[in-house]
Amino acid sequence: MAEEWDITRKTVGTVSIWLGTAALFVPRALPRLLGLDEEATRTDVALPLLVRLIAARNIAMGAALLVTPAPQARRTTEVTLLLTALDAAAVLTARSGGDVARRSAGLSLAVLSTSAAGALRWLRR
């Protein structure tokens, strides 16, 4: 169990850092890839700031997971999964209002499902 938890911690931390870094440097392109309206990604002046704020959070959470020893990192991983689930839920809510593309909602639903399954699995142990 400890080795499995360590692999999960490192995987979630690494993915968080990579996604955060990508969003930090291409704050208009990454949302476009995820299904945001192309016109909005070009003209919305607040978009780069908001994407970079989320990027900073992802990088910080990923770094916390990688530097925290495995026994203490369980809570950090759970918080990271919760934040991921909340992000996905926000995208799904935006989809219901017609603000994001179908592929973005599909990706968010997959992330939400994976996060929920992972959190339930780890909380049962």
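Biologist: Which residues form a nonpolar patch on the surface?

Modeller: Please bear in mind that this model is predicted. The nonpolar patch on the surface is formed by L24, F25 and V26, which together have about 280 Å² of accessible area. V26 belongs to the loop between α1 and α2.

Biologist: Is V26 buried, partly exposed or exposed?

Modeller: Exposed residues have over 50% relative accessible area and buried ones under 20%, with partly exposed in between. V26 has a relative accessible area of 39%, so it is partly exposed.

Biologist: Where does D44 lie?

Modeller: D44 is found in the loop between α3 (38–43) and α4 (47–67). Because its relative accessible area is 35%, D44 counts as partly exposed. In sequence, D44 and R28 are 16 residues apart, and in space their C-alpha atoms are 9.2 Å apart.

Biologist: Let us turn to pockets. What volume does the largest pocket have?

Modeller: Rolling a probe the size of a water molecule over the atoms shows where empty space is left. Here the largest pocket has a volume of about 1300 Å³. It is lined by 41 residues, of which L19, L34, I54, N58 and D87 are the closest to its centre.

Biologist: Which helix supplies the largest share of that lining?

Modeller: The largest share, nine residues, comes from α5. At least two lining residues each are supplied by α1, α2, α4, α5 and α6.

Biologist: How many residues of the lining are nonpolar, polar and charged?

Modeller: The lining of the largest pocket has 25 nonpolar, eleven polar and five charged residues.

How values were computed:
Residues numbered from 1 in each chain as written. Predicted model: local features only at pLDDT ≥ 70, side-chain atom pairs only at ≥ 80, totals over all residues. Heavy atoms only, no water. Helix = DSSP H or I, 4+ residues; strand = E, 2+ residues; numbered from the N terminus. Buried < 20%, exposed > 50% of the residue type's maximum accessible area, 1.4 Å probe, protein only. 1 Å grid on protein atoms, 1.4 Å probe; cavity = no way out; pocket = protein on both sides within 12 Å on 5 of 7 lines; lining within 4 Å. Points joined across faces, edges and corners; volume = space filled by probe spheres on them. Nonpolar A, V, L, I, M, F, W, Y, C, P; charged D, E, K, R; others polar. Patch = residues over 30% accessible without salt bridge, like charges linked within 9 Å, V, L, I, M, F, W, Y side chains within 5 Å. Areas by Shrake-Rupley, 256 points an atom, 1.4 Å probe, with all protein chains shown as cover. Salt bridge = Lys/Arg side-chain N within 4 Å of Asp/Glu carboxyl O.
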